[in-house]
Amino acid sequence: MDPMTPSFPGFAPADLAFLSGLAARNERDWFIAHRAAYDAVLKPALAALIADASTACAARGLPLGGDPTRSQFRIHRDVRFSKNKAPYKTHLSAVLTRDGLRMSPGMAYIHIEPEGGSRVTADSFDYDSIDPLDPSTHPAARLAAESSSSDLIGGPAAGWAGIPDVEDAHGRGPYVSAGFFLYDRRNSERVRRAIVADPAAWLAVEKHLASKGLRLAPGLAVKRMPKGYEDHAGGPLEGALKRTQWYARRPLTGAEIGSPALPETLAGFIQDMVPLLHFGWGALDKV
């Protein structure tokens, strides 16, 4: 860890109240009047979390890390193409990647907000706002109607029923996710090819995740088998091949995000995700 970055102290509920207040008064005047809590407390705490989580990952031999400043996502929303002109996000977020670039394939995404969410209604999520650098702001598709889809491995993850993808997890509370949030069709196709080329290796990834109590999120799954993979319909690979993203997530409790041990919690989750990360990197690095 950079000696200039203090150790992560935990996110105190009193400090996270800034995000709840911002959700209630998402306007420039309120933000300016209260931004000291963000600038002096929340941003430095997130920077310390990135630094300490990177150190914890390195100690475990995990190839993910981040820069305390550059790995954070900005709190300002991109409202250029949005009907909702609320100027600020109501959560903190950051990523850990192999090369330090925020959109590098195969990442851990950290999402911090008050337990229970800083937004509490389903229609409060802004589906029209797209920040290309922030997975939590990408437009959701197939929301509650697909949350209980029978083609998902193991069904909806415990505690996340009704939240089929990372986009709709916004506003529901803190979590960490890891895997491949691919928005390039060519990369999704490369992962599919790797799954078909070595089905035993892929099924071993699924089995490992299950052994850790993890399930793949729906991953913006398509409803029909992708072209060229029709022969796998009804087979053990069907669910995996219908996805366009491959990742899993773990909810974080208020006690966990308030603890200085959160970096180790994140590193432990990432360690559980290593087989999926290596499988995906193997598929993409062949190009």
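**View 1. The second largest pocket and what lines it.** About 170 Å³ of space lies in the second largest pocket of this predicted model. Ten residues make up the lining, and Leu182, Arg185, Ser188, Leu220 and Thr244 are the ones nearest the pocket's centre. Sorted by class, the lining comes out as three nonpolar, three polar and four charged residues.

View 2. Leu220 sits in the loop between helix H6 (199-211) and H7. For background, most residues other than glycine have a negative phi. Is Leu220 buried or exposed? With a relative accessible area of 11%, Leu220 is buried, because the cut-off for buried is under 20%.

**View 3. Lys212, in that loop too.** Lys212 also belongs to the loop between H6 and H7. At 42% relative accessibility, Lys212 counts as partly exposed. Look across to Asp272: it is 60 residues away from Lys212 along the chain, yet their C-alpha atoms are separated by 6.8 Å.

**View 4. The whole chain, for orientation.** Step back for a moment and you'll find 10 helices and four strands in the protein chain. Reading from the N terminus, the elements go α-α-α-β-β-α-β-α-α-α-β-α-α-α. Of the 287 residues, 51% are buried. Take the contacts with a separation of 6 or more, and 73% of them join residues 24 or more positions apart.

**View 5. The largest nonpolar core, with Phe11 and Trp202.** The largest nonpolar core has 62 residues, and Phe11 and Trp202 have the most contacts inside it. Which helix gives the most to this core? That's helix H3 (residues 36-59), which puts in 10 residues. Now zoom in on Trp202 and skip its neighbours within four places in sequence: Trp202 is in contact with Ile195, Leu216, Leu237, Ala240, Trp246, Leu276 and Phe279. There's also a second, separate core of eight residues, with Val95, Tyr109, Ala217 and Tyr247 among them.

View 6. The side chains of Glu238 and Lys242 meet in a salt bridge, at 2.8 Å from N to O. Why do these two line up along the helix? They're four residues apart in helix H7 (residues 238-242), so about one helical turn separates Glu238 and Lys242. Glu238 is buried, and so is Lys242. As a general point, side chains of opposite charge can pair when their charged atoms come close.

**View 7. Arg25 and Glu27, a partly exposed pair.** Here's another salt bridge, this one between the side chains of Arg25 and Glu27, at 2.7 Å from N to O. Arg25 is partly exposed, with a relative accessible area of 41%. Glu27 counts as partly exposed as well, at 32% relative accessibility.

**View 8. Glu256 reaching Arg250.** Glu256 forms a salt bridge with Arg250, and their closest N and O atoms are 2.7 Å apart. At 26% relative accessibility, Arg250 counts as partly exposed. How many salt bridges are there? The count comes to 11.

**View 9. The network around Glu189.** Glu189, Arg192 and Arg193 are linked in a network of salt bridges. Glu189 itself is found in helix H5 (residues 185-197). With a relative accessible area of 22%, Glu189 is partly exposed. Check Arg243 too: Glu189 and Arg243 are 54 residues apart along the chain, and 10.0 Å separates their C-alpha atoms.

**View 10. Ser93 in strand E1.** Ser93 lies in strand E1 (residues 92-96). Is Ser93 buried or exposed? Ser93 counts as buried, at 2% relative accessibility. Pro174 is 81 residues from Ser93 along the chain, with 9.7 Å between the two C-alpha atoms.

Terms used
Residues numbered from 1 in each chain as written. Predicted model: local features only at pLDDT ≥ 70, side-chain atom pairs only at ≥ 80, totals over all residues. Heavy atoms only, no water. Core = buried A, V, L, I, M, F, W, Y, C linked by side-chain atoms within 4.5 Å. Buried < 20%, exposed > 50% of the residue type's maximum accessible area, 1.4 Å probe, protein only. Contact = heavy atoms within 4.5 Å. 1 Å grid on protein atoms, 1.4 Å probe; cavity = no way out; pocket = protein on both sides within 12 Å on 5 of 7 lines; lining within 4 Å. Points joined across faces, edges and corners; volume = space filled by probe spheres on them. Nonpolar A, V, L, I, M, F, W, Y, C, P; charged D, E, K, R; others polar. Salt bridge = Lys/Arg side-chain N within 4 Å of Asp/Glu carboxyl O.
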